[in-house]
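This briefing is for a reader who is meeting the structure for the first time. It goes through the model topic by topic.

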Amino acid sequence: MDYDICIIGGGPAGYLAGIRAAQLGAKTAVIEMDELGGVCTNRGCIPTKSLLEVASPILSSGKWTDMGLDINYKLNLKSAISRMNDVVVYIRAGIKALLDSNKVDIIKGKAQFIDRYTLKINDKQTVRARFVLVASGSTPSIPDIEGIHLDGVLSSDGIFTMQSVPESAAIIGGGAIGIEYATILKSFGTKKVVIVEFMDRLLPFMDPDISSYAKNIMEGMGIDIILSHKATALSSSAKGIKLGLQPSSGSHAGDTAALDTDRVFVVTGRKPNTAGLGLDGIGVSTSKGWIDVNMAMRTSVDNIYAAGDVNGIKLLAHAAFHQGMIAVENMLGAQKLFEPALVPSVVYSKPPVAMVGMDEKSAQKAGRDVKVGVFDLANSPMALVHGEPSGFIKIIADKKYGLVLGASIAGESAYELISVFAGGIAGEMTVDELRRTVFAHPSLSEGIAESAWAVDGLSQHTMNKGTV
Ligand SMILES: Cc1cc2nc3c(=O)[nH]c(=O)nc-3n(C[C@H](O)[C@H](O)[C@H](O)COP(=O)(O)OP(=O)(O)OC[C@H]3O[C@@H](n4cnc5c(N)ncnc54)[C@H](O)[C@@H]3O)c2cc1C
């Protein structure tokens, strides 16, 4: 064998798995056909957050005026995109340096299985390994709608090469990417931004209170939201692109509507990168292309594992990181399981929103008797100091023992605060233990203890509405 472990894909799942495998003493190679870092570094997490960082002061300029700072911003799109690219290149170089320093071989090329131990790379080279980790990720899934390939209709990749800010834009898909793109475009100066969502709320995979909050902040920015509608067709019009719409369900399902827009971003979903890998030939089971795995990340073939987007469990970079590490550790004798309940979902709207574990509905569905505590960030001194008093921290706990089952956060730093709850769920923490924890004052995290008290109506920094 050439290697103990060969990894197909150098995205978050693949490169981190490579480093972990090397730390454990395995002779390891990462095969990447494009750029190291995968979607997250090159066309996902990192470039979107770089653009959102530019959006941030533009969106909060009113707040700074209130605080006594008069700042006039003028966007330089070219510089913003160029700085975004610099961050991407820097991180990519860092990934290569980390792999090199761990003595992981990086093989450039497209891998395909010949048999369960052998991979062909670019039809030239073959490598053999005891174990193979498939971490080939996903790409945008473009719905089969008339006119979808017109100029000006873009996938999620399209925003990173934007030469100018469009006058108007329609975003098909009200999930995390749709909301982040709407935020970027509106703050950059797109006058009319419309989000079209098939379901009856934005962020349908999150707590309904988060969906309502997200809708309010989007509408507060002047973004139009069209819920319960699907895109039916696209055509060229004198005003740019005509987007045909239809209600997605209900008694008006046959009605039609249309809107004119300069640019359309289609961010409705992803599809797995499994075509051409030769999985069928070696008996790796898939469902609609996504690789079937158990929570040990093992596929139906016992020396082949799959981690990250390609298994479709959670399409998030931090889930990919964890799955990649679990997969290689298990190859080398560990018995670890991936725990989806510990994976936070985050949307980097302004302010951001985040959720981990169960919401009320899913807890009740799982047969749990729950109590809920909500702390309003308007009562947080630090949120007021920061001029960001909008939002809440909501905690779902088991009624009998106060076990933390889930949490949702809307408001500044939600993406940092949510990890406290992820750790709490991992450690099977109760609300009493959160109450015992001493959070620094002033800090936003104080709201976590307040939400733990709030499950029994005892948040101290909330007006007493009666005796308890
Ligand atoms: C716009 C956008 C924003 C996002 N923002 C966030 C965010 O803020 N936070 C978050 O957690 N997630 C975010 N995501 C999701 C995140 O990018 C993915 O979950 C993550 O990249 C998945 O990592 P992965 O390693 O599984 O796959 P990928 O990142 O897709 O990497 C797979 C790699 O495998 C390579 N490859 C594929 N086939 C082969 C082959 N046959 N041979 C060799 N190489 C191959 C590909 O070239 C690619 O580099 C975002 C996604 C998008 C699109």
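**Around the ligand**

Among the 36 residues around the ligand, those that come nearest are G9, G11, G38, G137 and G308. The model described here is predicted.

*Ligand shell*

- By class, the shell around the ligand holds 17 nonpolar, 14 polar and 5 charged residues.
- At least two shell residues come from each of these elements: α1 (12–23), β2 (28–32), α2 (38–43), α3 (45–59) and α9 (317–331).
- The element that gives the most to the shell is α2, with 4 residues.

*Domains*

- The domain assignment divides the protein chain into domain 1 (3–140 + 271–341), domain 2 (153–268) and domain 3 (351–454).
- Taken over C-alpha atoms, the centres of domain 2 and domain 3 are separated by 30 Å.

- An open sheet is formed by 3 strands in the order β12-β13-β14, with antiparallel pairing.
- β12 (229–237) and β14 (257–261) each have a single partner strand, so one side of each has no neighbour in the sheet.
- From one strand to the next, the twist averages 25 degrees.
- β13 (residues 240–247) pairs with β14 in the antiparallel sense over 5 bridges.
- I241 has T261, in β14, as its bridge partner.

*The sheet of five strands*

- Another open sheet has 5 strands, in the order β20-β21-β24-β23-β22, and its pairing is antiparallel.
- The edges of this sheet are β20 and β22 (370–376), each of which pairs on one side only.
- Direction ignored, neighbouring strands of this sheet are turned by 10 degrees against each other on average.
- β22 and β23 (residues 392–398) form an antiparallel pair over 7 bridges, and in this pair K371 stands opposite A397 of β23.
- Helix α14 (residues 446–454) packs on the sheet, where it touches β22 and β23. The direction of α14 makes about 140 degrees with that of β22.

*Strand β21 and its partners*

- β21 (residues 353–357) is mostly covered, with 5 of its 5 residues buried.
- A hairpin of 5 linking residues joins β20 to β21.
- β20 (residues 345–347) pairs with β21 in the antiparallel sense over 3 bridges, and V347 stands opposite V353 in β21.
- β21 also pairs with β24 (residues 404–410), in the antiparallel sense and over 5 bridges. In that pair, the bridge partner of A354 is I409 in β24.

*Residue D2*

- D2 lies in the segment before β1 (3–8).
- D2 counts as partly exposed because 16 other C-beta atoms lie within 10 Å, whereas a buried residue would need 20 or more and an exposed one 12 or fewer.
- Not counting residues up to four places away in sequence, D2 touches V127, R128 and A129.
- D2 and K27 are 25 residues apart in sequence, and their C-alpha atoms are 8.3 Å apart in space.

How values were computed. Residues are numbered from 1 along each chain as its sequence is written. This is a predicted model: local features need pLDDT of at least 70, side-chain atom pairs count only at pLDDT 80 or more; totals for chains, interfaces and linings use all residues. Two strands pair if DSSP finds at least two bridges between them. Axes are lines fitted to C-alpha atoms, for helices over the stretch in contact, and angles run from 0 to 180 degrees between N-to-C directions. A residue is near a molecule or strand if its C-beta atom, placed from the backbone, lies within 6 Å of it. Ala, Val, Leu, Ile, Met, Phe, Trp, Tyr, Cys and Pro count as nonpolar, Asp, Glu, Lys and Arg as charged, and the others, Gly among them, as polar. Two residues are in contact if their C-beta atoms, placed from the backbone, lie within 7 Å. Domain bounds come from an automatic or database domain assignment.
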